[in-house]
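User: I would like to learn how to read the fold, core and surface of a structure. Please take the features one at a time.

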Amino acid sequence: MKQKAGANPVYVIGIALVSVYLFWGGTYVGMKVAIETMPPFLMAGIRFFVAGAVLYVISRLSGAKRPAGREWRSSAIVGALLLLGGNGLVAWSEQGVSSSIASLIVAAVPVWMMLFGWLSRSGKRPTTGVIAGIVLGLLGIAVLVFQPGHQDNGTATDLTGIITLLAASLSWAAGSMYSRSARMPDSPLMSTAAQMLTGGVLLLIFSYFTGDWSKLDIPSISLRSYTALGYLIVFGSIIGYTAYIWLLKNADAALVSTYAFVNPVVAVFFGWLLAGERLTVNTLTAAVIIIASVVLVTVFRSRAVPSAKMMEQGR
């Protein structure tokens, strides 16, 4: 394994990589548990605003400059696409769709990004491997959508939830692509803090118009949901992303990118282990197909754009 400047021990890189695998993979079941007694958009808004505030303080203490006005505007656009349109819709959809299915559909984001890039005016024709990955990804999603029957344990294919997840994935892909050319703070952590703060505020505002505030019943919120929210803030948004940023600077980009197809495997396992989600044949088949598609796209995609600009975090 090739290491970057600094000659960090292999075990340190391994710990950081495992942190990203486990903590981000666990966010799907974390959201599922949190929204058991919390309104989804309000929960997501609290999560990202608190995490963004913590990262902002850490960034400032580390010497990062305050974002300029234009940088705040770009951060708000990215936050709207990634966190409001992306993560917020995922949390909302998990009211009727299992965390396993949610993680698999979101796992296809690299496929949508490559497809968007191909269809853009200046897009280059992808390689045969990438085209195969795109086709496989679409096939895997089709397998998920057309599952027969309806289960009562949260593993059912709720059509509204599936459509919402597809919209969330497209929003996430659009936000990731926009972030490549947007004027953002130089510090990666400050950039993330700004996006989480603005995205969190947008989620809190949006949650008011969706009626989440009127649905909030603080005495009814369970310890289980509070624990899940704490996990999402501390491990999913703060520690997980900090480990990701550190890896981008200290490990091979190809190694770091493996999270894209490890996370859904972890998410499916946690959904089965912690949330009692039953794994159907269709779900397992779709998991294999979608993960294979992400592997193909990840391996064969162009690396002309630095990985840090892809902003595939925020889990």
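This is a predicted model: local features need pLDDT of at least 70, side-chain atom pairs count only at pLDDT 80 or more; totals for chains, interfaces and linings use all residues.

User: How many helices and strands does the protein chain have?

Analyst: Helices (H or I, at least four residues) and strands (E, at least two) are DSSP runs, numbered from the N terminus. Here the protein chain has 14 helices and zero strands.

User: What share of contacts joins residues at least 24 apart in sequence?

Analyst: Contact means heavy atoms within 4.5 Å. Among contacts in the protein chain between residues at least 6 apart, 89% join residues at least 24 apart.

User: What percentage of the residues is buried?

Analyst: Buried means under 20% relative accessible area, exposed over 50%, and partly exposed in between (1.4 Å probe, protein chains only). Of the 315 residues in the protein chain, 53% are buried.

User: Which residues have the most contacts inside the largest nonpolar core?

Analyst: A nonpolar core is a set of buried Ala, Val, Leu, Ile, Met, Phe, Trp, Tyr and Cys residues joined through side-chain atoms within 4.5 Å. The largest one has 87 residues, and Met43, Val90, Tyr244 and Leu247 have the most contacts inside it. Helix α11 (residues 223-250) gives the largest share of this core, 11 residues. Beyond its neighbours within four places in sequence, Val90 touches Tyr28, Met31, Ala102, Val106, Leu165 and Ala168.

User: Which residues make the nonpolar surface patch?

Analyst: Like charges are joined within 9 Å, and nonpolar side chains (Val, Leu, Ile, Met, Phe, Trp, Tyr) within 5 Å. In this case Ile46, Phe49, Val50, Val54, Ile58, Val201, Ile205, Tyr208, Phe209 and Trp213 form a patch of about 910 Å². Two or more residues each come from α3 (40-61) and α9 (188-209), and α3 supplies the largest share, five residues.

User: Is Phe209 buried or exposed?

Analyst: Phe209, in helix α9, is exposed because its relative accessible area is 66%. Val50, in helix α3, is partly exposed, with 32%. Val50 and Ile233 are 183 residues apart in sequence, but their C-alpha atoms are 7.1 Å apart in space.

Methods. Residues are numbered from 1 along each chain as its sequence is written. Side-chain values use heavy atoms; hydrogens and water are left out. Patches are made of residues with over 30% relative accessible area and no salt bridge: like charges are joined within 9 Å, nonpolar side chains (Val, Leu, Ile, Met, Phe, Trp, Tyr) within 5 Å. Accessible areas come from the Shrake-Rupley method with a 1.4 Å probe; for residues, only the protein chains shown count as cover. A salt bridge is a side-chain nitrogen of Lys or Arg within 4 Å of a carboxyl oxygen of Asp or Glu.
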